[in-house]
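Here are some notes from my pass through the model, as numbered points. Have a look at the structure first, then read on.

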Amino acid sequence: MSDAAPRPDSSLWPDLLAGLFVLFLGGLALWQAMVIPVSPIYAQVGPKAVPYAVAGGLLLLGAGLVYAALRGGWSWELEGVQQAPPTNWRALTLMSAGLLANLALIGPLGFSFAATAQFVLVAAAFGSRRFLRDLVVALVLTLAVWFGFVEVLGVNIGAGVLEGLILRALGQEVP
Amino acid sequence: MDPIAGLSLGFSNALSFSNLGWALLGCFLGTAVGVLPGIGPALTIALLLPITFKVSATGAFILFCGVFYGAMYGGSTTSILLNTPGESGSIITALEGARMARSGRAGPALATAAVGSFVAGTIGTLGISFLGPVVVELALQLGPAEYFSLMVLCFVTVSAVLGGSALRGLVSLFFGLLLGLVGIDLQTGQPRLTFGIPELLDGVNVVLVAVALFAVGETLHLAWRHIEGKQEVRPVGSIMMSRSDVRRSIGPWFRGALLGFPFGVMPAGGTEMPTMLSYYTERKLAKPEHAKEFGTTGAIEGVAGPEAANNAAAAGVLVPMLTLGLPTSATAAIMLSAFQSYGINPGPMLFTQQADLVWTLIASLYIANVLLVVLNLPLVGLWARILKIPQPQLYAGILVFATIGTYGISNSITDLVLLYGIGVIAMFMRRFDFPTAPVVIGMILGPMAEQAMRQALTISQGDWTTFVTRPVSLAILLLAVLALLGPRLYGAWARRATG
């Protein structure tokens, strides 16, 4: 691609890191393949063969990516990268906060509260400024989804604080 | 069973009240998720997988296939009205479709896409009905060694032949194979790649991986590059096609369908290639007075052909899935895991052991096609309204579904941590142009390939040459090598010829 924009020097690093990550994954797989206990059950091919092959494949492919990165990389040619707007740290931070809030709250408070917190934060990440409306929408949606999954699909999700209150108000047993 | 007897059995089952209900529900859901940017059929079917514990296999698969077909119909709406294709197969539709919408002809574009999808879906389903039993006949001759080779071919084609780079496609595939290995080895009972974490003994759940790749990773990537602003939805207007619209569409519909189906059937799968070929064919064949509409005001041929090719290819994907148990798209891989959750072995025995299920499924594909045209043409205004859901609430809502789908697997926080971890990896995969479908395919097909390999080696008493001394197996493996190296050799040859 001679007519493409000239490659900025700083773009070497991201591709190199991607390659190194795949090498790391291969190393992790190799280590885990080595610690598989030897099977007492007789088999022509033991449980280790394929894990070794996958680990070897990842190491080879990772090396290939590192080689490609050192020769100039690939991602600077991508349209999505060339035209990418700058990193939106505000959106990423709010969204990560949403995911972490969900992780922290889902155990003690149950699905609806945790997912509501997540909904409000993710909506804010994407630029919503109507906090109260989002809160109401989120509560209705998460409760509807919880009842849909539990009652219709039969998924077993323990009732949290809010779900328990509603079930009690409806005169049903709280699982 | 021959196709005619099979179909009559299938239709008598599929036309029951509850099965029609499942088909209608599937088509409705499928169109909705096809229209919505950010969710596709793979994610939807993954989220619906818990239904397999409650509903009969027939009902569940009718629902899934309705979603699968419906998403193809819905995808064109987004491409045309929003100019943001939701999946790779509708990128080409957006080229001309969005131009037609800009020049006030969104209605006819949507109509030709819907009717083209119907024509192609019907031709594709006919293809499944008559080609399926033939492929099964052939497949019944194959032993584990041939099966293993076939899976290797499938791995190569889905990861290395399509997409930007063979290297990156293979990395995605091996990531999926790695995820598939986690858990207890079925043959010896040894834990593998569990890092000593007891939650991982059951393996990594496919729902979790699909949600991480298609919902969490996608949303994170969007947040990373988010710019405030609203997208413009073009008004639909009248959906009536003029007589000349119809005349110009008929050829592309049929050509697109006939072009798309074989591409879907081949283990390479993929909808990019047939849609692109159909686009260039129609551009070449268009009359001079219409040809100038290409790339300017939008030519209806450029919507009708690729959209038909897209649907026919999607229908074709069901042939290797139902007859060989080989998934060549992410959606097919997740449907395959639904078979496993019913304890049904996908593969050539499916047509004989589960004849009822298979033929009912095929019959309901015909029904779904009819339902979808009925749902899509008059209700197109409703689907266009779905597009107006504001982005912040849409993505926040998608993550609510992602959370419950994952947390519902076993109420485990470990699963959520894994979900976010793989989600972050998926975000970087988007950034660095690694395809995501090979991850899902590798994860589902990997354990099946390992089983076939170990069976073949048990039969040959540990002799690895069994894969190259059996002629059919050798031929398939050579084909895989050719698929891997052929494009590169051709590229080198072409460079020498021009340089």
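1. Starting between the chains: α6(A) passes α18(B) in a right-handed crossing. Keep in mind throughout that this is a predicted model. The helices in question are α6, residues 131–152 of chain A, and α18, residues 391–410 of chain B; their axes come within 11 Å and cross at roughly 30°. Angles under 35 degrees count as roughly parallel, and α6(A) and α18(B) are therefore roughly parallel to each other.

2. Who makes that contact? From α6(A) come Arg133(A), Asp134(A), Leu141(A), Thr142(A), Val145(A), Trp146(A) and Phe149(A), and they meet Gln393(B), Gly397(B), Val400(B), Phe401(B), Ile404(B) and Gly405(B) of α18(B). Sorted by class, the contact of α6(A) with α18(B) has seven nonpolar, four polar and two charged residues.

3. Now a pair inside chain B. Helix α10 (residues 243–265) packs against helix α13 (residues 301–324), both of chain B, at an angle of about 30° and with the axes 6 Å apart. So α10(B) and α13(B) are roughly parallel to each other, and α10(B) passes α13(B) in a right-handed crossing.

4. The residue list for this pair is worth a look. On the α10(B) side it includes Gly256(B), Ala257(B), Gly260(B), Phe261(B) and Gly264(B), and on the α13(B) side it includes Ala304(B), Gly305(B), Ala308(B), Ala312(B), Ala315(B) and Gly316(B). The class count for the contact of α10(B) with α13(B) is 14 nonpolar, six polar and two charged.

5. On the nonpolar cores: the largest one has 200 residues, and those touching the most other members are Phe64(B), Leu81(B), Ile128(B), Val211(B), Ile334(B) and Phe339(B). Take Ile128(B): beyond its neighbours within four places in sequence, its contacts include Tyr69(B), Phe261(B), Ala315(B), Val319(B), Ile362(B) and Leu365(B). Phe261(B), Ala315(B) and Val319(B) also belong to the contact of α10(B) with α13(B). There is a second, separate core of five residues, with Ile92(B), Tyr279(B), Phe294(B) and Ala299(B) among them.

6. Last, Ala363(B), which sits in helix α16 (residues 355–376) of chain B. Is Ala363(B) buried or exposed? Buried means under 20% relative accessible area, and Ala363(B) has 0%, so Ala363(B) is buried. Apart from neighbours within four places in sequence, Ala363(B) is in contact with Gly10(B), Phe11(B) and Ala14(B).

Technical notes. Residues numbered from 1 in each chain as written. Chains lettered and ligands numbered in written order. Predicted model: local features only at pLDDT ≥ 70, side-chain atom pairs only at ≥ 80, totals over all residues. Heavy atoms only, no water. Axes fitted to C-alpha atoms, helices over the stretch in contact; angles between N-to-C directions. Helix = DSSP H or I, 4+ residues; strand = E, 2+ residues; numbered from the N terminus. Parallel < 35°, antiparallel > 145°, perpendicular 65-115°, else oblique. Left-handed = near helix turned anticlockwise from the far one by under 90°. Contact = heavy atoms within 4.5 Å. Nonpolar A, V, L, I, M, F, W, Y, C, P; charged D, E, K, R; others polar. Core = buried A, V, L, I, M, F, W, Y, C linked by side-chain atoms within 4.5 Å. Buried < 20%, exposed > 50% of the residue type's maximum accessible area, 1.4 Å probe, protein only.
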